[in-house]
Amino acid sequence: MKDFNTDLFDPRAAIDSDYVLAASTSSPDSDFGFAFDDSNFSDRLLRIEIVGGSDETEPDFAGRSSVLDWARRKRRKEERKTENFLDLGKCPQQQVLTCDDPDMVEVLSLENPDEGPVAMIEESLSGDEAANGNDLNLDSSTVTRVKTLHISSPILAAKSPFFYKLFSNGMKESDQRLVTLRISASEEAALMELLNFMYCNSLSVTKAPALLDVLMAADKYEVSSCMRYCSRELRLLPMTPESALLYLDLPSSVLMAEAVQSLTDAAKQYLAGRYKDLIKYQEDILQFPLSGIEAILSSNDLLVASEDAVFDFVLKWARFHYPSLEERQEVLGVRLARFIRFPYMSCRKLKKVLTCIDFDHEAASKLVLEALFFKADFPHRQRALITDDSTSTSHPFIERTYKYRPVKIIELELPRQQCVIFLDLKREECISLFPSGRIYSQAFHLGGQGFFLSAHCNMDQQSSFHCFGLFLGMQEKGSVTFAVDYEFSARSKPSEEFLSKYKGNYTFTGGKAVGYRNLFGIPWTSFTAEDSIYFINGVLHLRAELTIKS
């Protein structure tokens with residue numbers, strides 16, 4: 001079985017003969033802690049120049065804002081590395097190596113400054129010279145403290161592609177023994193832990209903030225085994241909303257690492273499970289950063305009234321966090337639109353999407369068109385799209401568990417205002433209604449009035465057995481009256497065609513409903529039986545036709 005500490009980097013693939021020893025020392029069972037900072041087992045000196053004071057305070061996991069602020073400071077610090085320049089004219093005798101472009105020792109391109117750490121290789125370097133040196137990492141060049149460690153280049157090279165490239169490219173001369181790294185004071189503890197890990201495969205820190213610091217140092221110096229170690233230790237700690245959001249708000253280079261994937265997956269699953277009731281927790285979720293919103297919206301188990309409600313919430317969140325229309329359009333179009341299941345939104349809401357200024361018009365038109373094509377497609381083609389969609393991260397064609405079931409609607413204006421509504425219910429949904437449950441459809445409109453269908457498990461007229469009932473209700477409450485002709489139908493075997501089950505007419509008053517308590521005229525047990533003629537491939541297909549009375 002492969003140990004989780006095993007390095008992804010294998011120096012044997014492209015290593016000089018001088019470094020064959022490094023491969024043998026990279027075994028996850030090897031413990032070279034005795035050799036750490038010991039001149040008897042070392043061939044190089046590592047000079048660590050520490051610049052400035054610590055601007056990072058350990059976050060308090062009891063306060064969400066402090067945790068996220070801490071993570072964002074970390075992210076900003078990483079981003080600042082790309083904003084500084086290196087003046088090669090000031091250090092003509094030094095070779096500068098970055099982990100992103102290790103082979104270019106003589107020439108360093110400034111068009112795309114690297115984000116990785118900088119090592120300066122030299123025979124000797126005084127404190128004053130160090131203070132005047134240049135570095136891609138830090139804004140300030142004032143060295144406040146210096147640490148010198150004895151290191152073994154084979155051990156470090158075996159654990160880290162950064163150090164392997166550094167030693168193999170930068171130390172061709174036998175008399176070059178001193179390597180200088182310049183770091184901020186806030187990085188010191190994490191770097192020391194990382195160096196020690198490269199010798200003994202373990203860390204002394206156990207708390208989340210310290211582990212996160214080491215994780216980012218391991219990413220910076222390309223020690224994948226340490227990244228996996230930190231990721232595993234963090235997963236073993238109790239997950240909280242604060243820690244989950246913190247893991248998802250790490251610098252992008254860390255989030256992209258394969259070694260951290262299991263940690264971010266666990267954080268996403270935790271948030272999706274804890275906050276799956278979107279309406280209940282919407283005030284809390286409204287404060288979440290973008291990464292937290294994406295984790296929650298990606299869930300198929302989201303408990304919500306309808307996809308219309310998801311769209312409304314996403315719009316509310318975007319307007320709260322991105323007051324600028326241009327930024328809001330970009331975030332919605334690039335990051336969040338893919339998590340909204342447009343094919344399950346009502347046609348009425350899809351019309352509003354087309355005129356919503358928060359979405360780029362071209363992007364909105366494409367999303368609505370795709371949704372309408374899906375709604376109108378044949379069932380077998382819909383099932384194929386859903387199957388293909390099961391491997392994606394956003395699942396635009398997979399239906400969530402909505403409080404109000406989606407319906408398909410055909411609207412006619414002539415010769416009379418009429419609409420035909422199709423409602424599909426799975427067998428397990430129907431079975432779960434026993435003994436007195438109800439399922440409501442999404443709202444649909446006729447003549448400017450809102451209606452809905454509701455499927456019931458109830459007692460028959462004589463209260464002698466349970467049966468399946470279907471009802472039509474009008475949303476508006478008050479004194480509004482509305483006369484409608486209606487007809488309920490269902491597909492049945494063997495023809496699998498819609499057969500009329502009940503028809504009538506009713507003058508609705510706001511808030512009232514009309515229907516039939518025993519739509520199929522059979523007991524509940526016969527309706528849900530395995531050989532029931534009303535379930536076709538496990539689905540009950542219902543149809544309601546409404547016509548405004550002339």
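Which strand is asparagine 458 found in? Asparagine 458 is found in strand E11, residues 449-459.

## Basis of the model

This is a predicted model, in which local features need pLDDT of at least 70, side-chain atom pairs count only at pLDDT 80 or more, and totals for chains, interfaces and linings use all residues. Residues are numbered from 1 along each chain as its sequence is written, and side-chain values use heavy atoms, with hydrogens and water left out.

## Overall make-up

The chain has 20 helices and 17 strands. Both are DSSP runs numbered from the N terminus: helices are H or I with at least four residues, strands are E with at least two. Of the 550 residues of the chain, 51% count as buried. Buried means under 20% relative accessible area, exposed means over 50%, and partly exposed lies in between (1.4 Å probe, protein chains only).

Contact means heavy atoms within 4.5 Å. Among contacts between residues at least 6 apart in sequence, 70% join residues at least 24 apart.

Asparagine 458 is buried, with a relative accessible area of 10%. Asparagine 458 and leucine 433 are 25 residues apart in sequence, yet 9.1 Å apart in space, C-alpha to C-alpha. Neighbours within four places in sequence aside, asparagine 458 touches Pro435, Phe465, His466, Cys467, Gly469, Phe471 and Arg517 by the contact criterion.

Proline 435 sits in the loop between helix H19 (427-431) and strand E9 (438-441).

Helix H11 (residues 261-274) has 14 residues. From first C-alpha to last, H11 reaches 20 Å, close to the 20 Å expected at 1.5 Å a residue. The expected span is 1.5 Å times one less than the number of residues. Leu263, Thr264, Ala267, Leu271 and Ala272 are buried in H11. Seen down the axis of H11, its buried residues fall within an arc of 165 degrees, so they line one face of the helix. The arc is that of the directions from the helix axis to the C-beta atoms. These buried residues pack against helix H8 (224-236), helix H9 (241-248), helix H10 (252-255) and helix H13 (290-297).

H13 is itself largely enclosed by the rest of the structure, because eight of its eight residues are buried. Among them are Leu290, Gly292, Glu294 and Leu297. The cover over the buried residues of H13 includes H9, H11, helix H12 (282-285), helix H14 (307-321) and helix H15 (325-336).

## The largest pocket

The largest pocket has a volume of about 1200 Å³. Of the 35 residues that line the largest pocket, the closest to its centre are Pro379, Gln382, Lys408, Asp424 and His541. On a 1 Å grid over the protein atoms alone, a pocket is an open set of points where a 1.4 Å probe fits, with protein on both sides within 12 Å along at least five of seven lines; lining residues have an atom within 4 Å of a point. Grid points are joined across faces, edges and corners, and a volume is the space filled by probe spheres set on the points.

At least two lining residues come from each of helix H17 (361-376), helix H18 (379-389), strand E7 (408-412), strand E8 (418-426), strand E14 (497-509) and strand E17 (539-548). E8 gives the most, with five residues. The lining divides into 20 nonpolar, four polar and 11 charged residues. Ala, Val, Leu, Ile, Met, Phe, Trp, Tyr, Cys and Pro count as nonpolar, Asp, Glu, Lys and Arg as charged, and the others, Gly among them, as polar.

Serine 489 lies in strand E13 (residues 481-492). Serine 489 is buried, at a relative accessible area of 1%. Beyond its neighbours within four places in sequence, serine 489 is in contact with Phe498, Leu499, Ser500, Lys501, His541, Leu542 and Arg543. His541 is also one of the residues closest to the centre of the largest pocket.

The loop between E13 and E14 holds proline 494 and glutamate 496. The peptide bond from lysine 493 to proline 494 is cis, with omega near 5 degrees. Glutamate 496 has phi near 60 degrees, a positive value in a residue other than glycine. Glutamate 496 counts as partly exposed, at 38% relative accessibility.

## Aspartate 37

Aspartate 37 lies in the loop between helix H1 (20-24) and strand E1 (44-51). Its phi is near 55 degrees, a positive value in a residue other than glycine. Aspartate 37 counts as partly exposed, at 33% relative accessibility.
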